[in-house]
Amino acid sequence: MSVIRSFLANNAISEGKKVKALVTGGAGFIGSNIANKLLEMGFSVRILDDLSSGYRSNVPEKAEFIEGSVVDGDVTKEAAAGVDYIFHLAASVGNKRAIDNPISDATINVLGTLNVLEAARATGVKKLVYSSSAGIFGELKTIPIKEDHPRDPDSPYGVSKLAAEKDCLAYMKLYGIPVVCLRYFNVFGVHQRFDAYGNVIPIFADRILKGIPITIFGDGEQTRDFVNAKDVAQANIKSALSEATGVFNIGSASRITINHLAELMMKVSEASVEIEYEPERSGDVRDSLADVSQARDAFGFEPSSDIEAGLKDYMSWIGTDPITRGRLGL
Ligand SMILES: NC(=O)c1ccc[n+]([C@@H]2O[C@H](COP(=O)([O-])OP(=O)(O)OC[C@H]3O[C@@H](n4cnc5c(N)ncnc54)[C@H](O)[C@@H]3O)[C@@H](O)[C@H]2O)c1
């Protein structure tokens with residue numbers, strides 16, 4: 001029986017006693033996908049988010065919402081009171097944002113995580129799942145990337161995510177808090193919108209919706225491992241409910257070129273825009289691919305292989321998203 005089905009069959013939800021989860025950063029892209037999945041499974045969900053990059057409208061109606069920052073230790077402790085599981089996603093996200101604001105990056109990502117760990121310790125949670133990033137690896141030396149690939153981050157973001165990972169592991173040793181750190185590769189899916197520090201999929205989506213050319217840096221034959229946020233939610237929940245602890249890579253275990261990504265996004269949207277090529281950007285990695293065998297063995301992680309279906313769902317969602325349409329003047 002799968003971990004999730006056996007959880008549903010055995011846990012206290014059926015006896016009317018709900019299992020409680022805190023999702024920090026639950027108004028954000030990935031956090032809201034996790035919160036929705038938890039609610040669907042019958043958990044009671046509380047969200048702590050300061051709405052700095054998240055949206056109030058991402059918060060599911062059935063979730064309890066606390067507007068506040070993980071940098072505030074008291075608020076974080078209140079938010080964690082009485083919960084069984086913590087999914088910690090609140091963060092300053094991305095290399096460019098961290099290069100522009102290194103102090104707030106470290107404050108939110110490192111001190112914020114320490115506050116979450118202190119809160120987890122005070123509450124005595126069954127598991128803390130920390131959202132880490134493939135950004136901790138820095139320059140990629142070998143692919144597929146296994147967990148023991150050298151960790152040599154080349155931006156303050158990678159450094160802060162790695163420091164927070166190490167703090168989580170240290171708290172597990174010191175205080176016996178069971179911890180899982182999940183290192184995501186390129187996540188995409190519903191609730192991912194364009195922002196100034198945006199990822200390639202929302203940027204291409206904007207251009208397709210507007211009917212203007214897509215820009216690709218380099219020859220477009222560079223590859224990335226795009227993992228659906230639904231699979232990331234699955235990894236969070238399965239790892240929380242399993243006996244697993246430690247660090248795990250989370251990707252789709254497949255990769256596509258940026259040229260193919262652009263083609264697929266146009267195909268699923270039944271639209272066609274021009275592609276313009278610009279010189280390669282320095283620091284961009286050529287190829288990226290996660291080895292997810294450890295997550296598969298430890299908690300039965302099974303990423304979906306159908307990127308085209310995932311992109312179709314994404315384009316239908318973003319095409320009707322009022323926030324995106326308003327911003328684009330559609
Ligand atoms: N999107 C990706 O491809 C990706 C890849 C690797 C790792 N991650 C990690 O996944 C997590 C979620 O990222 P996302 O892509 O959903 O980004 P996001 O910006 O949509 O979500 C982050 C959320 O945290 C909230 N937040 C920020 N600072 C906060 C604070 N001080 N207190 C409380 N809430 C705060 C934001 O308002 C937002 O809702 C992050 O920890 C990020 O490092 C994301």
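Student: What do the buried residues of helix 7 pack against?

Tutor: They pack against strand 7 (186-188), strand 8 (214-217), helix 9 (258-269) and helix 11 (307-320). Bear in mind that this is a predicted model.

Student: Which residues of helix 7 are buried?

Tutor: Helix 7 covers residues 200-210, and Ile-201, Phe-204, Ala-205, Arg-207 and Ile-208 are buried there. Seen down the helix axis, the buried residues fall within an arc of 165 degrees, so they line one face of helix 7.

Student: Why would that spacing put residues on one face?

Tutor: An α-helix has 3.6 residues a turn, so residues three or four places apart point the same way.

Student: And what follows helix 7?

Tutor: Gly-211, with a positive phi near 75 degrees.

Student: Which residues other than glycine have a positive phi?

Tutor: Leu-51 is one of them, with phi near 60 degrees. Ala-253 is another, at about 65 degrees.

Student: Where do Leu-51 and Ala-253 lie?

Tutor: Both are in loops. Leu-51 is between strand 2 (44-49) and strand 3 (64-67). Ala-253 is between strand 11 (246-250) and strand 12 (256-257).

Student: Is Ala-253 buried or exposed?

Tutor: Buried, because Ala-253 has 21 C-beta neighbours inside 10 Å, and the cut-off for buried is 20 or more. Leu-51 has 15 such neighbours, so it counts as partly exposed.

Student: New topic. Where is the cis peptide bond?

Tutor: It runs from Ile-143 to Pro-144, with omega near -5 degrees. Pro-144 sits in the loop between strand 5 (127-133) and helix 6 (156-175).

Student: What about Asp-152, which loop is that in?

Tutor: Asp-152 is also in the loop between strand 5 and helix 6. With 13 other C-beta atoms within 10 Å, Asp-152 is partly exposed.

Student: What does Asp-152 contact beyond its sequence neighbours?

Tutor: Leaving aside neighbours within four places, Asp-152 is in contact with Gly-138 and Glu-139.

Student: Which residues does Leu-128 touch?

Tutor: Outside four places in sequence, its contacts are Ile-86, His-88, Ala-120, Cys-168, Ile-177 and Val-179.

Student: How many residues of strand 1 are buried?

Tutor: Five of the five, so strand 1 (residues 20-24) is largely enclosed by the rest of the structure. Lys-20, Leu-22 and Thr-24 point one way, and Ala-21 and Val-23 the other.

Student: Which strands does strand 1 pair with?

Tutor: Strand 2 is one, parallel, over five bridges. There, Thr-24 is the bridge partner of Leu-48. Strand 4 (residues 85-88) is another, also parallel, joined by four bridges. Ala-21 stands opposite Tyr-85 in strand 4.

Student: Is the β-α-β unit of strand 1 and strand 2 right-handed or left-handed?

Tutor: Right-handed, with helix 2 (residues 29-40) as its helix.

Methods:
Residues numbered from 1 in each chain as written. Predicted model: local features only at pLDDT ≥ 70, side-chain atom pairs only at ≥ 80, totals over all residues. Buried ≥ 20, exposed ≤ 12 C-beta atoms within 10 Å, placed from the backbone. Helix = DSSP H or I, 4+ residues; strand = E, 2+ residues; numbered from the N terminus. Arc of directions from axis to C-beta. Contact = placed C-beta atoms within 7 Å. Pairing = 2+ DSSP bridges. Right-handed = clockwise from strand over helix to strand, strands pointing away.
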